[in-house]
Amino acid sequence: MPRASQKSAVVRKPDVRTSSQQAENLRRWRRDRASEIAQDYVEAIADLSASLGEARVTDLARRLGVTHVTVNRTLSRLFQAGYVNTRPYRAIFLTESGRKLADESKKRHQTVVAFLHSLGIPERIAELDAEGIEHHVSPETLAAFERKLGK
């Protein structure tokens, strides 16, 4: 039997999002995810081109851990976005905007890795963590990382 001086627990209903709020949140998540994929692809294409002289579908599939079908579908979207030029059975080339995005992505990645490493995070873990952080870090936070690193 509860004592009279104890207050009864208040049960709150969880906040319920409207359909339009949920739809907007999911649209933003898909847009952000597409941007993240584009950044990973152009960075991988730039790296392959620098190390092998060219980037091919099979090389991208191996590097990104996906199938060649996934690479072809993504390359189609990157072509439509103006980041790559492709022709069947040929190498993949970055456009000027693709090179710019690759350079920005690589710089962000290097800054995040260097910052994490400066905190004492081992190199392998810093590399793994940077893969997620680099796509979601705000320009303000990235600038703070660079200030701390003395860049």
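This is a predicted model: local features need pLDDT of at least 70, side-chain atom pairs count only at pLDDT 80 or more; totals for chains, interfaces and linings use all residues.
## Exercises: a helix pair and a pocket

Helix 1 and helix 5 are oblique to each other.

**Exercise 1.** Find at what angle helix 1 and helix 5 pack, and decide which orientation class applies.

*Solution.* 
- Step 1: Helix 1 covers residues 19-52 and helix 5 covers residues 123-136.
- Step 2: The two pack at about 120°, and their axes lie 10 Å apart.
- Step 3: Angles of 65 to 115 degrees count as roughly perpendicular and those over 145 as roughly antiparallel.
- Step 4: The crossing of helix 1 past helix 5 is right-handed.

**Exercise 2.** State which residues make the contact between helix 1 and helix 5, and sort them by class.

*Solution.* 
- Step 1: Helix 1 contributes Glu 36, Gln 39, Asp 40 and Glu 43.
- Step 2: Helix 5 contributes Glu 131, Glu 134, His 135 and His 136.
- Step 3: Sorting these residues gives five charged, three polar and no nonpolar.

**Exercise 3.** Describe the largest pocket by its volume and its lining.

*Solution.* 
- Step 1: The volume of the largest pocket is about 270 Å³.
- Step 2: Its lining has 13 residues, and those nearest the centre are Val 57, Asn 72, Arg 87, Tyr 89 and Arg 90.
- Step 3: Helix 2 (57-64) and helix 3 (68-80) each give at least two lining residues. Helix 3 has the largest share, with four.
- Step 4: By class, six lining residues are nonpolar, four are polar and three are charged.

Technical notes:
Residues are numbered from 1 along each chain as its sequence is written. Side-chain values use heavy atoms; hydrogens and water are left out. Axes are lines fitted to C-alpha atoms, for helices over the stretch in contact, and angles run from 0 to 180 degrees between N-to-C directions. Angles under 35 degrees count as roughly parallel, over 145 as roughly antiparallel, 65 to 115 as roughly perpendicular and the rest as oblique. A crossing is left-handed if the near helix is turned anticlockwise from the far one by less than a right angle, and right-handed if clockwise. Contact means heavy atoms within 4.5 Å. Ala, Val, Leu, Ile, Met, Phe, Trp, Tyr, Cys and Pro count as nonpolar, Asp, Glu, Lys and Arg as charged, and the others, Gly among them, as polar. On a 1 Å grid over the protein atoms alone, a cavity is a set of points where a 1.4 Å probe fits but cannot get out, and a pocket is an open set with protein on both sides within 12 Å along at least five of seven lines; lining residues have an atom within 4 Å of a point. Grid points are joined across faces, edges and corners, and a volume is the space filled by probe spheres set on the points.
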